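Let us read a structure together, one feature at a time. Please look at the sequence and the model first.

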Amino acid sequence: MSVFAIHRFATSTDAQALRAEVRAFLDENLPEANPARRTNCWAVLDPDFSRRLGEAGFIGMLWPKRYGGHERDPLERYVVLEELLAAGAPVGSHWIADRQTGPVLLRYGTEAQRRKYLPGMARGELYACIGLSEPGAGSDLANIRSTATRVEGGWRLKGQKVWTTNAHDAAVMLTLLRTEHGSERRHGLSQFLVDLDLPGVEVRPIVDLVGHHEFNEVFIDDAEIPEGALVGVEGEGWTQATAELALERSGPERYLSSHVLLASLIDAAGPEPDAVLAGVIGRLAAELWTLRQMSMSVAAKLASGEDPMVEAAVVKDLGNSYEQALPIAIQAALGSEAQLADGSALAGMLAMLLQSSPSFSLRGGTREIMRGIIARGLRLR
Amino acid sequence: MSEQQALLVESAESIFESVGEATFAEAWTAVEDAGFGILLVDEASGGFGGDWADFYAVMREAGKRALPLPLGEMVLGTWCAHRAGLEAPPGMASIAVEVNGEVRDGHFSGVLQRVPWGRRVNAVVAVASGRAWVLPTHGARIEARTNPAGEPRDDLHFGKAAATPAAVDVDLWLCAALMRVGQMSGAADSALAMSVEHANSRKQFGRVLAKFQAVQQNLAVLAAEAAAVNSAGQAAALARDRDPAGDGAELEIAAAKLRANMAVGTVTSTAHQVHGAIGFTEEYPLHRLTRRLMGWRSEYGNDRYWAERLGVRVARLGGAGLWREITRRSDLA
């Protein structure tokens, strides 16, 4: 019995040449940064870097050229993402637009929506956020209470979203709201594009435990949006939004976002590490290599048009566990750098990840939700 | 999976299933008649012409059923003898990669250590220092040993046994590690299937175990570990076939055996936890899988062995070099 169908990953073009292109770009454009800000790098905002990446053609790679995209192969995009993450590049500003919002608009959006948002997204200048969670709807997403009510020429919105990553940096929020009054659970929900500079929309920061501002609360108080802001079909929001989650869970960011810490450990250990450190490096490398095979398999399944819902949950769960075990294992094996206060790059990254990594199995679907999806794949529920 | 591999797996499934209750000799005859021994020998030489992905797939089927035969050892031994230009070993054969002693003037004196099923086979293909030779077992003094699952792992003592070594360029230890990954992957998938089936039938507190969230979450973890082992094993077998770096996929097989080893604790303990006391009995077949997993974890490289070997190799690559190396290898494959 297996819940993980293995798919062969093969790019249509020369992957080595593409990697060389991305590495050359990174050599030129990767900003000097505090090493700690290279961990969990898909959460690090850097609009300037995103603009340059867009200019180089590495955002919106799959999108039609008429919307500013580049019509590349999905597995080529995967190769580019791998390279960016492995280098610890600050890809946070454009990540959600490129990964989720853009593809949703291509799948469900109107021509006007695509023309309004996609070119700016592909240039790395227009960023998006996802408004799903609410104070009463976290893992229990179907408990959404925020509403959109039909009015003359559009919709009037009321409610509150929370844990909205990068809302303070984004121009637009793709959100899920209740459009059928009195409806319950998965019924009567619809997706909308809400421009965050609209009157009646207020973004307030939530500072996390390491002092970073990634999360926000978004208050919506009688904001009015035009008819054309509805995405897809009224009442089909649940299906549309959950289809988007497979994209969110399967990417290489689920095991590669803090690879710079492992690389830094290897450099600090030198070419002839003692047996203890060699053992730790070997174990982490084995897990990294295995997760990469699994993530590539999911990418290949997605590229072939199938829905890897269960496989994506497996990769996210194992990837989160690996990225949480990574700093713990390194802290346990180090000598004096383990004091975490010597100012070295390794200590800085390690201290940051020890604190930030518990969040990895909370965001994008909790560990318990992932395991529930796997259990459904096993037909236990 | 190629059509040829699908047929091979189908035939392995039905034969391995049929020999469940047979004696060793009967089971061996059935497997030998099916021609699995020549799986890796090329067609031009009268073999099956299978590749490492085929070998891995057959080993998975063997592992799923805890096949009580040294089938993989036979396949590797036959292939290795062929590569060395030696006569194929007669009848049942096993392999020895831990050799204490040497061949001098056409005779081997010494010990072949921990030979799988050494007491049952007719011959052993031994490999050491770039040379291979075939030894019939009838002249050996056999020191019987077993792994935790009760599978024979015998020390074979030879005194001046006639031996004709030939140069061979195979890392049999590495191939044997891949063999065990295949068996471990199959056994883990079977342990998962048994656990799910048990959870769907056993009732407590008025409902089947499968309806308890705690049980569902544990089984999900078991499934994820089993998936990791198979993903690693399949990728390693594919890498061995394509051998992009020309080193027999050493890095990939090292990573796969280590990852399989790392899964054993969770897989065995979770399967037993879900089964409760019934899974702990001699009568119930779960232990045929879990005890083998525990034994196979140590064979052809335990966690420490592969972690250090892989770690030393990775350290030489350097921090940026690790990523460059694993991507280069998979891109070229």
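Q: What should I know about the model and its numbering?
A: This is a predicted model, where local features need pLDDT of at least 70, side-chain atom pairs count only at pLDDT 80 or more, and totals for chains, interfaces and linings use all residues. Residues are numbered from 1 along each chain as its sequence is written, chains are lettered from A and ligands numbered from 1 in the order written, and side-chain values use heavy atoms, without hydrogens and water.

Q: At what angle do the axes of helix α7 and helix α10 of chain B cross?
A: Two packed helices are described by the angle and the distance between their axes. Here α7 (residues 250-275) and α10 (residues 319-332) of chain B cross at roughly 105°, and their axes come within 11 Å. α7(B) and α10(B) are therefore roughly perpendicular (65 to 115 degrees).

Q: Which residues make the contact?
A: Contact means heavy atoms within 4.5 Å. α7(B) brings Glu250(B), Leu251(B) and Glu252(B), while α10(B) brings Glu325(B), Ile326(B) and Arg329(B).

Q: Which domains does chain A have?
A: Domain bounds come from an automatic or database domain assignment. For chain A it gives domain 1 (15-127), domain 2 (130-236) and domain 3 (240-377).

Q: How many residues of domain 1 of chain A are in contact with domain 3 of chain A?
A: 25 residues of domain 1 contact 27 residues of domain 3 in chain A. The C-alpha centres of these two domains lie 21 Å apart.

Q: How many salt bridges are there between domain 1 and domain 3 of chain A?
A: A salt bridge is a side-chain nitrogen of Lys or Arg within 4 Å of a carboxyl oxygen of Asp or Glu. The count between these domains of chain A is two. Arg99(A) and Glu253(A) also meet in a salt bridge (2.5 Å, N to O).

Notes
Axes are lines fitted to C-alpha atoms, for helices over the stretch in contact, and angles run from 0 to 180 degrees between N-to-C directions. Helices (H or I, at least four residues) and strands (E, at least two) are DSSP runs, numbered from the N terminus. Angles under 35 degrees count as roughly parallel, over 145 as roughly antiparallel, 65 to 115 as roughly perpendicular and the rest as oblique.
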